[in-house]
Amino acid sequence: FFEHVWLEWAVDALGGLATLVLTWLLFPGAISAVVGVLLERVAGAVEARHYPHLTPASGISTLAGVVSALRFLIVVVVVNLGLVVFLFVPPVFPFVFYGANGYLLSREYFELVALRRTDRDTARSLRRAHRGTLLATGVIAALALTVPVVNLLAPVVVTAAMVHLFETWRARDRGA
């Protein structure tokens, strides 16, 4: 019995470490998937306060929101599990992690906000035209989502930012 105590201790320690690493890697996607379902209310509140002249958004159905959130969660989990190999290259890992998650978050949040008021092709066109700004916003979001306590408010702030960006770019495209 005593000769295998060290093995049990090692397995417990490694299991705990794996849990911490996976939680840290997957939390941004998990919290964003949950908030993706609630995005409609946040975006509506921002529009009501800052863009009262807008007509009510057609919005995204609850089913479409849930499906989109689940799809996004699966993509984030797969991408982040793929990023685990970069843990063994410490100087590279933060750049790859925040870059990949920043891209994913910016794409998902922007498209969910944009699809409330426009078609998919227009949303994609706007996203591509402003990809640099959106990537920077997404990287900031990914950073915020890995900071305890801040990560609980970050999805609301990111949603509000995406509403402002979308409305600014849409107004500029219309020449308003």
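**Entry 1: a buried glycine**

Buried means under 20% relative accessible area. I noted this cut-off first, and I also noted that the model is predicted. I then looked up Gly102, which has a relative accessible area of 0% and is therefore buried. Gly102 is found in helix 3, residues 93-114.

Which residues does Gly102 touch, apart from its neighbours within four places in sequence? I found contacts with Leu135, Gly138, Val139 and Ala142. I also looked up the C-alpha atoms of Gly102 and Leu134, which are 8.5 Å apart in space. In sequence, Gly102 and Leu134 are 32 residues apart.

**Entry 2: confidence**

The chain has a mean pLDDT of 84, and 90% of its residues reach 70 or more. Among the elements of the chain, helix 5 (residues 131-145) has the highest mean pLDDT, 94. The lowest, 77, belongs to helix 1 (residues 5-50).

**Entry 3: aromatic rings**

How many aromatic pairs does the structure hold? I counted four. One of them joins Phe97 and Tyr98, with ring centres 4.9 Å apart and 80 degrees between the planes. This pair is edge-to-face.

Next I looked up Phe110 and Phe166. Their ring centres are 6.0 Å apart and their planes are at 65 degrees. Why is this pair edge-to-face? Planes over 60 degrees apart count as edge-to-face, so the angle of 65 degrees puts the pair in that class. Phe110 lies in helix 3 and Phe166 in helix 6 (residues 150-174), so the pair ties together parts that are 56 residues apart in sequence. Phe110 is buried at 0% relative accessibility, and Phe166 is buried at 1%.

I also noted a cluster in which ring pairs link Phe93, Phe97 and Tyr98.

**Entry 4: the nonpolar core**

I looked up the largest nonpolar core, which has 33 residues. Which residues have the most contacts inside this core? They are Leu105, Phe110 and Met162. Helix 1, helix 2 (62-83), helix 3, helix 4 (120-129), helix 5 and helix 6 each supply at least two residues of the core. Helix 3 gives the largest share, ten residues.

I went back to Phe110 for its contacts. Leaving aside neighbours within four places in sequence, Phe110 is in contact with Ala123, Leu126, Arg127, Leu134, Met162, Phe166 and Trp169.

Conventions:
Residues are numbered from 1 along each chain as its sequence is written. This is a predicted model: local features need pLDDT of at least 70, side-chain atom pairs count only at pLDDT 80 or more; totals for chains, interfaces and linings use all residues. Side-chain values use heavy atoms; hydrogens and water are left out. pLDDT is the predictor's confidence in each residue, from 0 to 100. Helices (H or I, at least four residues) and strands (E, at least two) are DSSP runs, numbered from the N terminus. Buried means under 20% relative accessible area, exposed over 50%, partly exposed in between (1.4 Å probe, protein chains only). Contact means heavy atoms within 4.5 Å. Rings of Phe, Tyr and Trp (its six-membered ring) pair if their centres lie within 6.5 Å; planes under 30 degrees apart count as stacked, over 60 as edge-to-face and the rest as tilted. A nonpolar core is a set of buried Ala, Val, Leu, Ile, Met, Phe, Trp, Tyr and Cys residues joined through side-chain atoms within 4.5 Å.
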